[in-house]
Amino acid sequence: MKLSINFRNMPGSGNIINYIDHRYSFAFAGTREEIERTTITVSDVNGINGAVGKQCKVVIKPSGLREIVIAETRENIRQAIDLCLARASRSLNRKLKRRRMLMKKAPDPQRMLLEISPDS
C-alpha cells in the first residue's frame with residue numbers, strides 16, 4: 001500500500017504531514033491490506049465571497065474495485081482532513097462489505113461442476 005501526500009497553494013509542514021499520517025492510520029487500520037494506493041491532497045482554496053478555506057481530497061484505489069474520491073472543504077485544515085478521511089473510510093467499508101456479500105451469494109464453481117457433470 002502506497003500513501004502519497006501532496007500540498008497545493010500552501011506549504012506542507014511536518015506537523016500536518018504527521019497529523020495526516022496518524023489520522024490515516026487510525027481511519028484505515030482494519031482495511032489497509034485492501035488498499036493498493038492512496039493519494040491525499042491538501043490545498044488552500046478561496047470560497048464564495050473571498051472566504052478562505054482549506055480542502056482535503058482523498059483518492060483511494062482498493063484492490064479489485066474502482067477508485068473512491070472524497071473531498072471536504074472547511075475553514076480549519078484539521079477539520080477538513082478528519083471529515084474527509086472519515087467519509088473515505090466509511091465509503092471503503094461499504095464497498096468491501098458489498099463485495100463480501102456478492103462473493104457469498106456467488107455460486108461455488110466446484111459445486112456447479114459437480115451438479116452439471118454428465119457422469120451422473
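**Entry 1: a loop to start with**

I began at asparagine 9, which lies in the loop between strand 1 and helix 1. Helices (H or I, at least four residues) and strands (E, at least two) are DSSP runs, numbered from the N terminus. The model I'm looking at is predicted, so local features need pLDDT of at least 70 and side-chain atom pairs count only at pLDDT 80 or more, while totals for chains, interfaces and linings use all residues. Residues are numbered from 1 along each chain as its sequence is written, and side-chain values use heavy atoms, with hydrogens and water left out.

Most residues other than glycine have a negative phi. I also looked up the cover: asparagine 9 counts as exposed, at 66% relative accessibility. My cut-offs are these: buried means under 20% relative accessible area, exposed means over 50%, and partly exposed is in between (1.4 Å probe, protein chains only).

Methionine 10 is in the loop between strand 1 (2-8) and helix 1. I listed what methionine 10 touches, skipping residues up to four places away in sequence, and got Val42, Ser43, Asp44 and Ile77. Contact here means heavy atoms within 4.5 Å. Methionine 10 and valine 45 are 35 residues apart in sequence, and their C-alphas are 9.5 Å apart in space.

**Entry 2: the whole chain**

I stepped back and counted three helices and four strands. Along the sequence they follow the pattern β-α-β-β-β-α-α. The chain has 120 residues, and 29% of them are buried. Its accessible surface comes to about 8,200 Å², with 51% of that belonging to carbon and sulfur atoms. Those areas come from the Shrake-Rupley method with a 1.4 Å probe, and for residues only the protein chains shown count as cover.

I checked the contacts with a separation of 6 or more too: residues 24 or more positions apart account for 51% of them.

**Entry 3: the core**

Next I went inside. A nonpolar core is a set of buried Ala, Val, Leu, Ile, Met, Phe, Trp, Tyr and Cys residues joined through side-chain atoms within 4.5 Å. How many residues does the largest one have? It has 23, and those with the most contacts inside it are Phe28, Ile40, Cys56, Val58, Ile60, Ile81 and Leu85. Helix 1 (14-27), strand 2 (35-46), strand 3 (52-62), strand 4 (68-74) and helix 2 (77-105) each supply at least two residues. Helix 2 gives the most, with eight. In soluble globular proteins, nonpolar side chains tend to be buried together.

Leaving aside neighbours within four places in sequence, cysteine 56 is in contact with Ile40, Thr41, Ile70, Ala71, Glu72, Ala80, Ile81 and Cys84.

**Entry 4: rings**

Rings of Phe, Tyr and Trp (its six-membered ring) pair if their centres lie within 6.5 Å; planes under 30 degrees apart count as stacked, over 60 as edge-to-face and the rest as tilted. I found one aromatic pair by this rule. Tyrosine 24 and phenylalanine 28 make it, tilted, with 4.9 Å centre to centre and 45 degrees between the planes. Both tyrosine 24 and phenylalanine 28 are buried.

I also saw arginine 78 over the face of tyrosine 19, at 4.4 Å from the ring centre. The rule for this is NZ of Lys or CZ of Arg within 6 Å of the ring centre and within 35 degrees of the ring normal.

**Entry 5: salt bridges**

A salt bridge is a side-chain nitrogen of Lys or Arg within 4 Å of a carboxyl oxygen of Asp or Glu. I counted six by this rule.

Aspartate 82 and arginine 23 form one of them, their closest N and O atoms being 3.1 Å apart. Aspartate 82 is in helix 2 and arginine 23 in helix 1, so this pair links distant parts of the chain, 59 residues apart. Both are partly exposed: aspartate 82 at 24% and arginine 23 at 26%.

Arginine 99 and glutamate 34 meet in another, at 2.6 Å, N to O. Arginine 99 lies in helix 2 and glutamate 34 in the loop between helix 1 and strand 2, so the pair ties together parts 65 residues apart in sequence.

Lysine 54 and aspartate 44 meet at 3.4 Å, N to O. Lysine 54 is in strand 3 and aspartate 44 in strand 2, so parts ten residues apart in sequence are tied together. Buried or partly exposed? Lysine 54 is buried, at 18%, whereas aspartate 44 is partly exposed, at 25%.
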